Amino acid sequence: MTTTSPIGFIGLGKMGAGFTARLVESGYSVIAYDIDDACCQAAKAKGVEIAESPAKVAERAEIIQVCVISTKAVEAVILGEGGIVEITQGQGKTVVDHSTTELETTKRLAQTLLERTGMQFVDAPVSGGPGAAAEGRLAIMAGGEQAAIDAVEPLMTTLGKFTRMGEVGAGQATKLINQALVLSNYCVIAEACNLGNQFGIDVSKIPDALSSGYAGSNLLNDLLPRMVENDFEPRGYARQILKDLHMLQDAANALNVSMPMAGTANSLYSMLISQGKGELDGAAIISLLEGATPERRS
């Protein structure tokens, strides 16, 4: 597919690399930015044009996707020096934030962007990891005005299953629900894996053995084999999981909602990070149960 203007992309880490690979493969031209020059050079080698700042990306693109590591980073991309808000004529342009961002900040940034530039904003966090991004298999949960959703939907469907959940902020709310399910399940799968090891059975057969029952899941198929192999090369980082769990806990506390399972996952990942394992994959949580010392694989 070709378009008259490039797709903008800000954030070229593990997820961003997957996103932009998919876009280029699908026939889009992409102009991108990252604060890390190594990420920029890797993207450039794959056909991505590199811009000098988020604002320079926004000048050229009608749709500007953002996928960065934290709420603070999203705010810097939009409001910081060289940020998207520096372009004054943004009518017809849409920012799509794929980051996992604090809900209230999402709403504030959307309103500020509209008031200062005329640009629309869609919060569209994702689930599935870098591999799913590169293969167009992401779950994309979105919040935004219907007109903004309509403008980006053809692009989003290239990247995965795209679902509008409501107005701005609804995507981030849905991502928190996703994280409650997924990140608590990381700990449950680790517990089950350790139990199987103690029984002495071949735990690697568990995903196939349970595939037609209630326990079968995408996460079990992806995560348990890596736990069996002690493969903790990061698809995402344990420190990011803890960041998301903290965000989830804060949101639940603000609503006076009790989340004991997510609270337990929070405690376990806090322990993992305190052991200096924040740069490992979240699958390394099994090491707390096994008493093993995970090693990153090259």
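## The loop at E62

E62 is located in the loop that runs between helix 3 (54-60) and strand 4 (63-66). The model is a predicted one.

In sequence E62 and G92 are 30 residues apart, while their C-alpha atoms are 6.8 Å apart in space. The side chain of E62 also meets that of K93 in a salt bridge, at 3.7 Å from N to O.

## Other salt bridges

The count of salt bridges comes to 13. One of them joins the side chains of E49 and R60, with an N to O distance of 3.0 Å. E49 is in strand 3 (residues 49-50) and R60 in helix 3, so this pair ties together parts that are eleven residues apart in sequence. E49 is partly exposed, with a relative accessible area of 38%; R60 also counts as partly exposed, at 39% relative accessibility.

A further salt bridge is formed by E279 and R239, whose closest N and O atoms are 2.6 Å apart. Here E279 lies in the loop between helix 12 and helix 13 (286-290) and R239 in helix 11, so the parts tied together are 40 residues apart in sequence. The relative accessible area of E279 is 37%, which makes this residue partly exposed. R239 is partly exposed as well, with a relative accessible area of 30%. R239 also lies over the face of Y237, 4.4 Å from the ring centre. Separately, a network of salt bridges links D222, R226 and D281.

## The aromatic pair

The count of aromatic pairs comes to one. F9 and F19 form this pair, which is tilted, with 5.2 Å from centre to centre and 40° between the planes. The pair links distant parts of the chain, ten residues apart: F9 is in strand 1 (residues 7-10) and F19 in helix 1 (residues 14-25). Both F9 and F19 are buried.

## Loops on either side of helix 11

N230 and D231 are in the loop between helix 10 and helix 11. N230 is not a glycine, yet has a positive phi of about 50°. Most residues other than glycine have a negative phi. N230 counts as partly exposed at 31% relative accessibility, whereas D231, at 18%, counts as buried. A polar atom of the D231 side chain lies 3.3 Å from the backbone nitrogen of E233.

N256 is placed in the loop between helix 11 and helix 12 (260-274). N256 likewise has a positive phi, of about 60°, without being a glycine. At 72% relative accessibility, N256 counts as exposed.

## A nonpolar surface patch

Which residues form a nonpolar patch on the surface? The patch is made up of L195, F199 and I201, and together these residues have about 340 Å² of accessible area. L195 is part of helix 8 (residues 170-199). With 47% relative accessibility, L195 counts as partly exposed.

Note on methods
Residues are numbered from 1 along each chain as its sequence is written. This is a predicted model: local features need pLDDT of at least 70, side-chain atom pairs count only at pLDDT 80 or more; totals for chains, interfaces and linings use all residues. Side-chain values use heavy atoms; hydrogens and water are left out. Helices (H or I, at least four residues) and strands (E, at least two) are DSSP runs, numbered from the N terminus. Buried means under 20% relative accessible area, exposed over 50%, partly exposed in between (1.4 Å probe, protein chains only). A polar contact is a pair of N or O atoms within 3.5 Å; within protein, one must be able to donate a hydrogen and the other to accept it, and residues adjacent in sequence count only if both atoms are side-chain atoms. Patches are made of residues with over 30% relative accessible area and no salt bridge: like charges are joined within 9 Å, nonpolar side chains (Val, Leu, Ile, Met, Phe, Trp, Tyr) within 5 Å. Accessible areas come from the Shrake-Rupley method with a 1.4 Å probe; for residues, only the protein chains shown count as cover. A salt bridge is a side-chain nitrogen of Lys or Arg within 4 Å of a carboxyl oxygen of Asp or Glu. Rings of Phe, Tyr and Trp (its six-membered ring) pair if their centres lie within 6.5 Å; planes under 30 degrees apart count as stacked, over 60 as edge-to-face and the rest as tilted. A charge sits over a ring if NZ of Lys or CZ of Arg is within 6 Å of the ring centre and within 35 degrees of the ring normal.
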